[in-house]
Amino acid sequence: MIGLRNKTKLTSAPYIVWMAAFIIVPLAMIIFFAFTREDGTPTIDNIIGIGRWLRVFWNSFCLAFLSTAICLVIAYPMAYALSRSKVKKQRTLLVLITLPMWMSFLLKTYALMTLLEDTGIINNLLRMIGLGPYHMINTSGAVVFGMVYDFLPFMILPLYTVMIKIDHSLLEAADDLGANNRKTLMKIVLPLSLPGIISGITMVFVPSVSSFVISRFLGGSKIELIGDLIEYNFIQKHNPHIGSALSLILMIVILILMGIMNTFDDEEIGEMLI
Amino acid sequence: MTRTKKTYTFLVFAFLYAPIVVFIFYSFNQSKSRSNFTGFSLRWYIELMQNDRIISALQNTLVVAVLSALAATLLGTAASLGITALKKAPRALIMNITYLPILNPEIVTGISLMLLFVAAGTFLGISLGFWSVLIAHITFNIPYVILNVMPKIRQTDKNIIDAAMDLGCSAPQAFFKVMLPEITPGIASGALMAFTLSFDNFVISYFTLGSDGFTTLPVNIYTSTRRGLSLEYNALFAILFVTVLIFLILMGIADNKAASKNPNSAKQIRLRN
């Protein structure tokens, strides 16, 4: 049996080589570029120079926090209602939630743009009833709206996954023992759904804070986020050194934030993501 | 469901679907306006069929999605089997590295691979294109396959493998006849997830496809937005929407059939998940 176990281990060898070549080496290259000048000499100027973009970092994190919070507030009652509806109905509703996730997010974001424009559909409708036009596109509000729209299903699904696991008899017991709805929610549903909350927050926050498509489509050139800066430095300015320094800092901040959040919960991170 | 619950659910769905419905509605517009509906026509569907740029981008995307899903499923399934057999410390190390592409922002994964491919490309004298996109997609797909397959392996009773081998199965036989059927649902959902993630991926393709003309559909959409998207893309979106909808309905029917054929197994699956 020992021999078999050793042979089985070998099947992971191709992946380990792949992982080293395409996960570890590329990350090492980010670190290398972040700490070198164009001629290859070491420097910490790239990292220090990021100070001038503190505002962009601050903006990105604020907008991402805001959209994550809005997603959580919208998704929590939705996931709860979903988990408490009849099994057959649950299936249909679940398909309806996953369906938009399968559609190109670029086209969805573009669709929002055509809705929010000054001469867009919302303003056209408002004009018919004698209101507006309201300026909505190219504002931070539009960017947050886009983030909430694109990532809401990623908050609903993990919440729903933990909520269907909550034993119904626990809720009945709480009810029998005299807890009101509010108390049941705070003392039972909320603590038991914590792993779902944490993975939902991760799945909305990370793509929000690093997005560059949403800010470009809905924020015009007015709202600049970290993602825009990274893209600009790599693609437009061909400066991988500054771009790598920005990516490195972004990655470290995100990993620290997630590390802090995961101390609230001991379940394995990956298990909740699918 | 109470009335408030119903209204709330309805409002959330209205929010999720209103832009999609409007977008699809305008694919039938006679003129090229995105906010002024002048009359019904199939003009944009016909133009879409004749647009070689979009069709070839769609073909590229499908080729990359199928190949990367296949490769990731093979590598990922083999990896899951091997990783489960490892001791605790190396297993934890490998799993933590495996989570990195999932936890990292896509843009960081994208530019890190771009740095590697540009360096390797310069060294080998080749420019980025199909190969770099394919490798990048396989790389971010593998972790999702592992996360789908690994739990199934852990749920499989090790004794049945031993039993099979005691009864005279060779190791490969034991794997193909006993282990594989047990973990097939995990492999299938991993492969499906890999395909869809690859099909819709924009950020990582954008940074790894270089400038030799190779493009995928999402990148084609992004570069086209600079001049304003034509309504052909609305038509494309409508076709994709209907395709996905039909696929999901078929999956639902298959699920229900499996459940009614064997109610016990369905219940078990639900409990396990």
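This is a predicted model: local features need pLDDT of at least 70, side-chain atom pairs count only at pLDDT 80 or more; totals for chains, interfaces and linings use all residues.
Colleague: Which residues of α5(B) are buried?

Modeller: Burial is judged by counting C-beta atoms around a residue, with 20 or more others within 10 Å as the cut-off. In α5(B) the buried residues run from Glu106(B) to Phe117(B), including Ile107(B), Val108(B), Leu113(B) and Met114(B).

Colleague: Against which helices do these buried residues pack?

Modeller: The partners come from both chains. In chain A they are α2, α13 (226–236) and α14 (240–262); in chain B they are α4 (88–103), α6 (130–155) and α9.

Colleague: What follows α5(B) in the chain?

Modeller: The next residue is Gly125(B), with a positive phi near 75°.

Colleague: Where does phi take a positive value in a residue other than glycine?

Modeller: One of the cases is Asn138(A), whose phi is near 60°. Asn138(A) sits in the loop between α7 (121–128) and α8 of chain A. Another is His238(A), which is not a glycine and has a positive phi of about 50°. His238(A) belongs to the loop between α13 and α14 of chain A.

Colleague: Is His238(A) buried or exposed?

Modeller: His238(A) is exposed, because 8 other C-beta atoms lie within 10 Å. Asn138(A), by contrast, is buried, with 20 other C-beta atoms within 10 Å.

Colleague: How should I describe chain A as a whole?

Modeller: One begins with the elements and then turns to the overall dimensions. Chain A has 15 helices and zero strands. Its C-alpha atoms fill a box of roughly 80 × 70 × 30 Å along the principal axes. Of its 274 residues, 41% count as buried. Among the contacts in chain A with a separation of 6 or more, 71% join residues 24 or more positions apart.

Colleague: How many residues of chain A are in contact with chain B?

Modeller: An interface may be described by the residues on each side. Here 68 residues of chain A are in contact with 60 residues of chain B. Helix α2 (residues 13–34) of chain A supplies the largest share of chain A's side, 15 residues. By class, that side of chain A divides into 49 nonpolar, 14 polar and five charged residues.

Colleague: Could you show me the surroundings of a single residue?

Modeller: Consider Thr114(A), which is placed in helix α6 (residues 105–116) of chain A. Thr114(A) counts as buried, because 21 C-beta neighbours lie inside 10 Å. Leaving aside neighbours within four places in sequence, Thr114(A) is in contact with Gly120(A) and Ile121(A), and also with Arg34(B) and Ser35(B) of the other chain.

Colleague: How far apart are the C-alpha centres of the two domains of chain B?

Modeller: The C-alpha centres of domain 1 and domain 2 of chain B lie 27 Å apart. Their contact takes six residues from domain 1 and five residues from domain 2. Helix α11 (residues 232–261) of chain B gives the most to the domain 1 side, with three residues.

Colleague: What values does the predictor give for confidence?

Modeller: Confidence is read for the complex, then for each chain, then for its elements. The complex has an ipTM of 0.89 and a pTM of 0.90. The mean pLDDT is 88 for chain A and 89 for chain B. In chain B, helix α12 (residues 263–272) has the lowest mean pLDDT among the elements, 41. Over residues 263–273 of chain B the pLDDT is below 50, and this stretch has three contacts beyond near neighbours in sequence.

Conventions
Residues are numbered from 1 along each chain as its sequence is written. Chains are lettered from A and ligands numbered from 1 in the order in which they are written. Helices (H or I, at least four residues) and strands (E, at least two) are DSSP runs, numbered from the N terminus. A residue is buried if 20 or more other C-beta atoms lie within 10 Å of its own, exposed if 12 or fewer, and partly exposed in between; C-beta atoms are placed from the backbone. Two residues are in contact if their C-beta atoms, placed from the backbone, lie within 7 Å. Ala, Val, Leu, Ile, Met, Phe, Trp, Tyr, Cys and Pro count as nonpolar, Asp, Glu, Lys and Arg as charged, and the others, Gly among them, as polar. Domain bounds come from an automatic or database domain assignment. pLDDT is the predictor's confidence in each residue, from 0 to 100.
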